[in-house]
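The model is shown first.

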Amino acid sequence: MEILVCVKRVPDIGENEIEITSDGKDIKREDLVYSVNEWDNYAVEEAIQIRDKVGGSVTVVSVGDDEWEDVLRREMAMGADKGVLLKDEKFDGSDGKGLATILKAFVEKGNYDLILTGAQASDDGAGQVGGMLAALLDWPFASLVNKIEVVDDKTLRIGREIEGGNQEINEIQLPCVLSIQSGINEPRYVSLRGIRKVASKEIPVYGCEDLGLSEDQVGEKAAKVKRIDYFIPEIGKGAEILEGDLEEVAEKLAELLKAKGGIK
Amino acid sequence: MMKEVLSPAYTTFLGLPGSFWGVLIPLVGIACFLYIVARRLIPLAKAAPDPRFDRINLRIKNLFRYWLFQYKQPRYIVAGVIHIVIFAGFLVLSIRSISLVIEGFYPDFVFPGLGGFLGKVYSVLKTYFATFVFIACIVAVIRRVVFKPERYKVPPKYGKEHTFEAIFVLALIGSLMVFESLFEASSGTKEALPPLTLAWFFKLILPTSSISFLQSVHTTSYFIHDFIFFFFLCFLPFGKHFHVLTSIFNVFFMKLDRGVVKPVRYGISEEELDNLEYFGIKYFEDFTWKHMLDFYTCVDCGRCSDNCPANFVGRPLSPRFLTIKSREYMFDRFPVLGLIKPKEPVVGKIFEEDEIWSCTTCGACEEECPVCNEYINKIVDLRRGLVDEGNVPQTIQKALNALEKRGNPYGKMESKRLEWAKSLEGIEVKEVSKKFKPEVLYFVDSATSYDERLQEIAKATATILTKAGVNFGVLGKKEKDSGHEVRRFGEEFLFMTLRDMNTEAILESGASLIVTSDPHAYNCLKKDYSDIPPVEHITEFILRLINEGKIKLKPIEQDDLVFTYHDPCYLGRHNLLYDVPRMVLDSIPNLKRVEMKRCRDRSFCCGGGGLMLFYEAEEEKRMGQVRAEMAYEAGANVIITACPFCLVNIEDGIKTSGLEGKVRVMDITELILQQLS
């Protein structure tokens, strides 16, 4: 099975302190560290496991600049056979549909049976590219997939997580696009040695023209969704930051919960 | 003239000449033995390299200490004494046994040097030793059958009890003693035998009148002895009694350095590491030959697991069975008869992942092993294999990724590494720079830098150094995690990256001495780094400050305080700093101190440091809790330790054990700061 996984490079949000730039349109990025979007890791792991079971190959693709190569290499070190970078200045400022258009153009150059994306990206959390890509390709799509079983070379049996923790099982025809929920597997660790081993592997780069796209289909010009502001909400009424050391905080929290009837 | 009792070689046995049996039994025995040993050496020949021919003088010294003088045996006094008796008996009787075998075809043989007086002395000695060994065997059987010490038990998941083999071998040894003594007693000599010995007793009950009866006893006991002797020799390589033959080599080739981790592969330099197909242990052949010899030599005495904290709290790790399982696998894959089986991955076959991650590398097992088997390097090599395959628990992956990106396992920002110093009043903690090159560098390491509770150790250390007038600085945001656990968790390249960054920053600082309050950093900088200034643990540094009169300590005021010192593994067992911290404590006037039952080289690990904090182990109880309870049992109400991880683990343990208010734990720097006058 030929599998394509779309991955994204995102800032680590766990312990990074996010500050907004002065123009208010983005976050300050100097002190940030980046890694693979967490959901994409699950998608790549799933793709590798499917390939190891039924054969075929796994390609990882990303739309970004040179720094994104690290992310691709990490996924190649995990076990993806090939990494491809879609890079062009003309792509800058693309909205979700623009990104889906770029990816669609790349998909059509290949012969993929299955496309996986992460359920969403941990930075903007839009969760839209997978669905749009499927629509542009006119392929079936399933979101929040947490289980994949290969029935035959035409059909997959997939599980989806439903609100409230319920589970739904579907059959879906190939080729299709699936967005992968975290927890579908346990992504393997990528050691520094693993990354070094793929350090010299070539990562092909495709630009706007290579993909047969025209300028007005992608980038800022084509974008119909534009970010006009970005801010951290002010602390409003009803929100309170508890001060003190851990124990004091825990005690205050317990008191508050008791007072509001949250715990008895 | 009275007929004499003849040497068995001159008589007939089972209708054939004695000399025939005297040649046949040793010949067949030795041939079988050589074949078996050759087969047993096959896996060692296929194993990974392990150069162990260095520092011969030290190796010989160890041979005397641990093999000949059985240094570790009396740590378990009853079993130890029994073993020493049997071991000494084997040594003494080995000469007798060799002579006896030769007499079977060369009756007039006298062992060189034992012809005259010396021979008479030896004869008395060996007669007594045969008796002692016989008694020791009986006592050992009684222990095994009646008293059944807890540590010999075999948990059901590891198979059946090993009692039968133990008793069978004791029976073989006992009967060797019996038949040797019978042979001696039936020799027909008029000379009196040493009183109260087995031979003396047999001579007493054997009728002296019938020479032919004596002769048949003499001949029969000889050949039974001869047969059992060679049977025993060939039986040894089939079980734990292989140690009778291998322990001398095992001790000679033992690991010589504490706290040191073996390279990924001996003979492969760091630059060549990229050429290796994989890291660590994937197949059994990836163990080094010495590690395989360890498996052969294990005596199944259970002392390692009896001291293993992971085993104690019910984690799925038992060093004893890690070895026994490996030995059984060796016997099965490399059988004495038949074909060698093809290689296969060992994780999942012999070892479980959780078993491999459960080890805190505390070293209690290695400290205890009477034949000097090692474990930490095996665990580290197994982990290297898991890391290489990407088989790492998610919680540890997160910490490793954070270490790679931010240089600390919490993923906190580098710029916050010196946050702890901000709240210090009147004390300035300066970062080293081109303009500030201090004499002493305080290496804080990640946990002490970022963990809110542990920052108290950093503050106390900085305050003590300042008050003593020490010109010191810290690396601040240039400091990365020492990488101690990164290496011991098998992520060698990440360790090398961290080490190189730290080494550069340390050398740039221009400091002539590094001080650290974290024993893991201490061990790492000392053993895993090279070409950096000397490293001291803060307790060594404080002791010197006290001795030089640079700091003065006021007496403990409350009379009801009883202190106990908990030895951190990486300060104690791995670096032998047992007395220094105790001397620091004892220099505080009016400090009452008791020892826990498990202290010094038998200290009980708190639960492990560094990345171990991120591992969610299956366990019944926390090690920290067990340790808190041990301190309470010892009658202490203040536990002093000298390691950030011990502090946090024992503090948590006090909470879960319900000992809050009864026992508390402090770092030694916190106590010293409190007592500064």
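The model is predicted. In chain A, nine strands form an open sheet in the order β9-β8-β7-β10-β6-β1-β4-β5-β11, and the pairing is mixed. Its edge strands are β9 (166-173) and β11 (205-206) of chain A, each of which pairs on one side only.

Strand β8 (residues 155-162) of chain A runs antiparallel to β9(A), and eight bridges join the two. Opposite A:L156 stands A:I172 of β9(A).

## Helices on the sheet

Helix α1 (residues 38-54) of chain A packs on the sheet, where it touches β1 (2-6), β4 (57-63), β6 (114-118), β7 (141-150) and β10 (176-180) of chain A. The direction of α1 makes about 150° with that of β6(A).

Helix α3(A) also packs on the sheet and touches β1, β4, β5 (82-86), β6 and β11 of chain A. Its direction makes about 145° with that of β4(A).

## The α3-α4 pair

Helix α3 (residues 96-109) of chain A packs against helix α4 (residues 129-137) of chain A at an angle of about 50°, and their axes are 8 Å apart. Because of this angle, α3(A) is oblique to α4(A). The crossing of α3(A) and α4(A) is right-handed.

On the α3(A) side, the contact is made by A:G96, A:K97, A:L99, A:A100, A:T101, A:L103, A:K104 and A:V107. On the α4(A) side, A:V129, A:M132, A:L133, A:L136 and A:L137 take part. By class, the contact of α3(A) with α4(A) has nine nonpolar, two polar and two charged residues.

Terms used: Residues numbered from 1 in each chain as written. Chains lettered and ligands numbered in written order. Predicted model: local features only at pLDDT ≥ 70, side-chain atom pairs only at ≥ 80, totals over all residues. Axes fitted to C-alpha atoms, helices over the stretch in contact; angles between N-to-C directions. Helix = DSSP H or I, 4+ residues; strand = E, 2+ residues; numbered from the N terminus. Parallel < 35°, antiparallel > 145°, perpendicular 65-115°, else oblique. Left-handed = near helix turned anticlockwise from the far one by under 90°. Contact = placed C-beta atoms within 7 Å. Nonpolar A, V, L, I, M, F, W, Y, C, P; charged D, E, K, R; others polar. Pairing = 2+ DSSP bridges.
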